[in-house]
Structures are given as C-alpha cells and as structure tokens.
Amino acid sequence: MEKGIRKIGVLTSGGDAPGMNAAIRAVVRASVYHKLECIGIYRGYEGLIEEDFKNLNARSVKNIINRGGTLLKSARSKEFFLKEGRLKAYNNLKNEGIDALVTIGGDGTFAGASVFSNEFDIPIIGIPGTIDNDINGTDFTIGYDTALNTVVEAIDKIRDTANSHNRLFLVEVMGRDAGDIALNAGIGAGAEEILIPEQDMGRLRLIESLKKSKKSGKTSSIIVVSEGDQIGKNIFKLASYIEDNLTGYEVRVTVLGHIQRGGSPSCFDRVLASRLGVKAVDALIDNQKNMMIGIRHNKLIYVPFIETLKTSKELDLELIRVADITSL
Ligand code: F6P
C-alpha cells in the first residue's frame, strides 16, 4: 500500500437513494479491513464546509444495510459552488487529517468533486447513487432498482382501480432529465404509453395511439410520464387535453413523487452498493483519484469524473421497441 492514505472521509450528496447506507457501510468496513480510519461527513458538502464530522467504526454502521435514506444525511450545497466554500472545506479536511474522500451521489456530486480534487489535489473516488440512473459510464446507479420496484408495485395497484372503472391514468414518475425509470417501470408494469424526455412523441400521436388501443378492445389505459417529459411537463394540463380529445375515458392523475426515493433497498441495490463501496477504498489505496467506480457488464470499472459529466446517456432503442410491441 502507498503510505499516503490513512484517513478517508465519506459523504452522501444530492438526492438520497435507497442503498446509500449499504455503500457507507461497505466504505467504513473496507477502511477498517485495510486499517484505515474512516470519518463520516454529514450533509454532503455542507458538512464538509461546516466541519460536521464523526468517527465511524465497523459497529457504527451496524443494522443499516436494510435501511433507505442515508445515515450521513444529504444536501445540495450552494456554498460549495463558491471558491471560498471549497477553501473552508479543504482547511477542515487538513485540520482533521483526512487524506482522501469517497463521495456518494449523482452528477452534481461528481461535478463538485472534480473541481475540488483538481483545485486542492485531494484524491476523490465517486460512487454513483441516484434513483435516476442518469450517470454516464455506469450501467446502474445505487437506488435505481429499488425505485423501479416501488413504481411497478404502485402501478400494479393503480391498474386494479383503472380497470374496475374503465379509466385512463397518467402516472408521473421521477427522472428530471432521464427516462430510465419511466421506460423500464413502464415496460415492467405493462403501460400502454411511456413518455420520456429523450423522445418527444407529440400530443397528436399520443391521442392517435390511444384511440387505436381503445379500438382494439382495451377498456383502461396506463400512461407513464417521466417528470422531465416535454408533453407531460404539466401532467394536469395533459390530462385535460386528453379528456378534451379522446372520448370514452375518464382521466385521472397520480404523481408518485418522493415515495420513489424511500424504502428498504432491493437485494440488487444492496449488493451493488457493497461492491462499489469496497472497490472505492481499493481504488484510493491503489492511488486512483478523480474517478467514479462504475459497473459495466457486471464488472467494476474506473470512469474519470469528466466522462460521467457528459450530457445525456444514449436512449436504448431496443427498449422502446419492446415497449411498443408489448403494449399492443
Ligand atoms: O435526482 C433524483 C431526483 O429524485 C430526481 O428524480 C428529481 O427530479 C429530484 O431528485 C427531486 O429533487 P428534490 O428532492 O430536491 O425535490
């Protein structure tokens, strides 16, 4: 092992995601395993600036693998965008003797980490944690699988009532810039239509498609709308538009909201988080910096922060085709 690193700081930042606790646990226990100290930094970069630190040992992270949210709490820090804020953060790290950081979060977290690491030469390794699954360079992010299961379970329930009343439901799911949740949960829940930000279907085509499916004998419909979708931008307006242009259906709206961010993580997310956490500590010991640990074809890989920040992942056309065919 390189002599450099003795004390690792770990933080969670941005929107919380189920499985973040499992990742914290893995980072702490991997640090203990390698005889390194581990410091928990509370409230993300806010806590770094305000020196909100706590020593963590193997027992500090007991009984959290099954819990949603994040033990370390999370925040979206405005002060960290400013040079003065980052300087305070750096001085606090030095005072505490923290040599390196593991940051768990999404693209905003990595953007901050990248600037900070370059400015002060602090080794930082990122772990992708967001329900949106919108980070370049990794097939999956922590929390995404759990969120999908939450959405599918909710839509299954909505389907029961939609079917009983011959209604059309618009179900809004999270995903500010990415349609991954809408597309995959939509297929999993058997939705008639899926509206995502990456593809503008247009209102006219939507109505045509709904008319066609009604003609084919369907008596109820589920439309999954990603919150970032252009035509679904205001889902209540879209509901009125559909009611005005399509006869025979009563329309109802359900916004799933933050329910998608909570809950006990799925086994997939727990295992993913554990693997990424252990690998993040390995990476720091291996003198890696400015990298995210990603997963590609079930193998852990290093992805430079700069690569993770590229805008929008490619749309999976095969999934779109599957959605079209299976909703006939
Ligand atoms: O990035 C995760 C996410 O849940 C997005 O899907 C959503 O748009 C956003 O966070 C909501 O953020 P907040 O909890 O700050 O309202």
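1. Let's start with Arg-76: an N or O atom in its side chain sits 2.9 Å from an oxygen atom of the ligand, a polar contact (a pair of N or O atoms within 3.5 Å). Asp-132 brings a polar side-chain atom to 2.7 Å from a ligand oxygen, and for Arg-261 the distance is 2.8 Å. On its own the ligand exposes 400 Å², of which the protein buries 76%; these areas come from the Shrake-Rupley method with a 1.4 Å probe.

2. A word on the model: it is predicted, with local features needing pLDDT of at least 70 and side-chain atom pairs pLDDT 80 or more, while totals for chains, interfaces and linings use all residues. Residues are numbered from 1 along each chain, and side-chain values use heavy atoms, leaving out hydrogens and water.

3. Which residues are around the ligand? They are Arg-76, Thr-130, Asp-132, Met-174, Gly-175, Arg-176, Glu-227, His-258 and Arg-261, each with a heavy atom within 4 Å of the ligand. By class, one is nonpolar, three are polar and five are charged (Asp, Glu, Lys and Arg count as charged, and Met as nonpolar; Gly is among the polar ones).

4. Now for the sheet: seven strands form an open, mixed sheet in the order 3-2-1-4-5-10-11. Its edges are strand 3 (53–56) and strand 11 (299–304), each pairing on one side only. Strands are DSSP runs of E, at least two residues long, and a pair needs at least two bridges. Strand 1 (residues 7–12) and strand 4 (residues 100–105) run parallel over five bridges; Leu-11 has Thr-103 as its bridge partner in strand 4.

Definitions and conventions
Helix = DSSP H or I, 4+ residues; strand = E, 2+ residues; numbered from the N terminus. Polar contact = N/O pair within 3.5 Å; in protein donor to acceptor, adjacent residues only side chain to side chain.
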